[in-house]
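Visitor: I've got the sequence and the model open side by side. Could you walk me through it?

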Amino acid sequence: MAADLTGATGPRFAHASEAELARILDFYQVAWRYEPDVFPISWNASGAVVECFAPDFYLPEIDLYLELTTLKQSLVRKKNRKLRWMRLLYPETRVKLLYARDFRALMVKYGRLDFLGEVLGANGHGASPRSATAPQPSEPAA
Amino acid sequence: MTIHDDVQEVLLTEDQIRGRVAELGVELAHDYSDRQPVLVSVLKGSIVFLADLIRATELPLSVDLMELSSYGAAMESSGQVRILKDLSGSIEGRDLIVVEDIIDTGLTLNYLLRYLHERTPASVHICCLLDKPARRLTDIHIDYRGFTIPDRFVVGYGLDFDEHYRNLPYIGVLRPSVYGGAEPRT
C-alpha cells in the first residue's frame, strides 16, 4: 500500500508522522496495513466493549503492529496504558510503540530534520475517534 | 576544534573494537574452515569494519560490495530503495557473510537479504559490529555480533553523521547539539 497523507489514493493518516513512516516502509518494500485491526481492551458490566486499541500499522510479513506517538505527553500516557492492557489481554500479539524520540531518531538517521521541524510544529498525534470519548479502564495488574 | 570535540562520550574504545573484531575473525575462520565465503558489505559505513575483519579472518575468502540508496537522500527521486552499486560477481551457490556496521531498524538489511536470497546463494549469515535492538522494526537473526549497544546516536569507525566522523578510530556518542536532537531519556 502506498503512503498518501491526503487519503486520495490510500488511507487518510491521522498525523504526518504516520504518513512519513508509511513512506519509509514503502521505500524499503516492507508491506503494511493502516489500522487494520481493532482490539477491545475494556468492557462494561453488560459485556459491551467500551474501549479499543487500534494500532496504527500492521506489518504482515513480520507479524508486528506499530503504534506511533508523537508530542503530547497526555496521549503518550494514554497509549502506554492501552498498550499495557493490550499486552495483558493479547499476549501473543506483538506491538511496538514508537515514541517521539524514536521517530526523531529515524528522521535524524535519514537526514529529514526539515520534516521533523514541520512535525514538531504540528499539534501532536490525532486521537482516534473510536477512543476519544470512551471511558478509561483502570490499570492492569503488573 | 576537532571532530573529537563533537563526541559526548566514547562508547567503545579502539582496544575494545580491535579485540572483539579479532574474536569475530577467529569465530568466522572456525565456522567456515571448510568453505570459501564471500563477505558482502554495504557501502559506506561498513568499510572500516570490513577492512579490519577480513584481516582478522584467516580464510580464503573473497569480498564484494554493494551500495543502496537511503531513504532521506532519495526523497527527491524514486520512492523505493535503489541499488547504486550491485555485486561484482555471481553469488549463486556461494556461502555469504553479510558484514554490517550497525543494525538498528533492520529495514535496509531486510531489503538486502531478500535481494541476496533471490540470487540463490548456498547460505547467508550476518555479521554486524553493532546491534541496536531498541530500534528494530524487522525480524533479523544476527549470527555474529560485535557489541549490543544502547539507544544512542553513535559515530566513528565508519559510521557517519552527514558524511562526517567516519574516520574516528573509536565508536562515540555524538553530542545531540550536533544534529539538533535531545538527549534520550535513560
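This is a predicted model: local features need pLDDT of at least 70, side-chain atom pairs count only at pLDDT 80 or more; totals for chains, interfaces and linings use all residues.

Visitor: Let's start with chain A. Which strands stand at the edges of its open sheet of four strands?
Guide: The strand order in that sheet is 1-4-5-6, with mixed pairing.

Visitor: How far apart are the C-alpha atoms of K96(A) and L64(A)?
Guide: Along the chain, K96(A) and L64(A) are 32 residues apart. They do touch, though, and the separation of their C-alpha atoms is 7.4 Å.

Visitor: On to where the chains meet. Which element gives the most to the side of chain A that touches chain B?
Guide: The contact involves 16 residues of chain A and 20 residues of chain B. On the chain A side, helix 1 (16-27) and helix 3 (100-109) are the elements that give two or more residues. That side divides into nine nonpolar, two polar and five charged residues. The top contributor, with five residues, is helix 3 of chain A.

Visitor: Now chain B. Are helix 1 and helix 2 of chain B roughly parallel, roughly perpendicular or oblique to each other?
Guide: Helix 1 (residues 14-31) and helix 2 (residues 47-56) of chain B pack with their axes 8 Å apart, at an angle of about 55°. Roughly parallel needs an angle under 35 degrees, and roughly perpendicular needs 65 to 115. The two helices of chain B are therefore oblique.

Visitor: Which residues of helix 2 of chain B make that contact with helix 1 of chain B?
Guide: The crossing of these two helices of chain B is right-handed. Helix 1 of chain B contributes V21(B), A22(B), L24(B) and G25(B). From helix 2 of chain B come D52(B), L53(B) and A56(B).

Visitor: Which residues of helix 2 of chain B are buried?
Guide: Their cover includes helix 1, strand 2 (38-42), strand 5 (95-103) and strand 6 (123-131) of chain B. The buried residues of helix 2 of chain B are V48(B), F49(B), L50(B) and L53(B).

Visitor: How many residues of strand 5 of chain B are buried?
Guide: Strand 5 of chain B runs parallel to strand 2 of chain B, joined by four bridges, and parallel to strand 6 of chain B, joined by eight. Strand 5 is largely enclosed by the rest of the structure, because its buried residues number eight of the nine.

Visitor: Last one: what is the bridge partner of V99(B) in strand 6 of chain B?
Guide: Strand 5 and strand 6 of chain B are linked by eight bridges. In strand 6 of chain B, the partner of V99(B) is C127(B).

Methods: Residues are numbered from 1 along each chain as its sequence is written. Chains are lettered from A and ligands numbered from 1 in the order in which they are written. Two strands pair if DSSP finds at least two bridges between them. Two residues are in contact if their C-beta atoms, placed from the backbone, lie within 7 Å. Ala, Val, Leu, Ile, Met, Phe, Trp, Tyr, Cys and Pro count as nonpolar, Asp, Glu, Lys and Arg as charged, and the others, Gly among them, as polar. Axes are lines fitted to C-alpha atoms, for helices over the stretch in contact, and angles run from 0 to 180 degrees between N-to-C directions. Angles under 35 degrees count as roughly parallel, over 145 as roughly antiparallel, 65 to 115 as roughly perpendicular and the rest as oblique. A crossing is left-handed if the near helix is turned anticlockwise from the far one by less than a right angle, and right-handed if clockwise. A residue is buried if 20 or more other C-beta atoms lie within 10 Å of its own, exposed if 12 or fewer, and partly exposed in between; C-beta atoms are placed from the backbone. Lists of a residue's contacts leave out its neighbours within four places in sequence.
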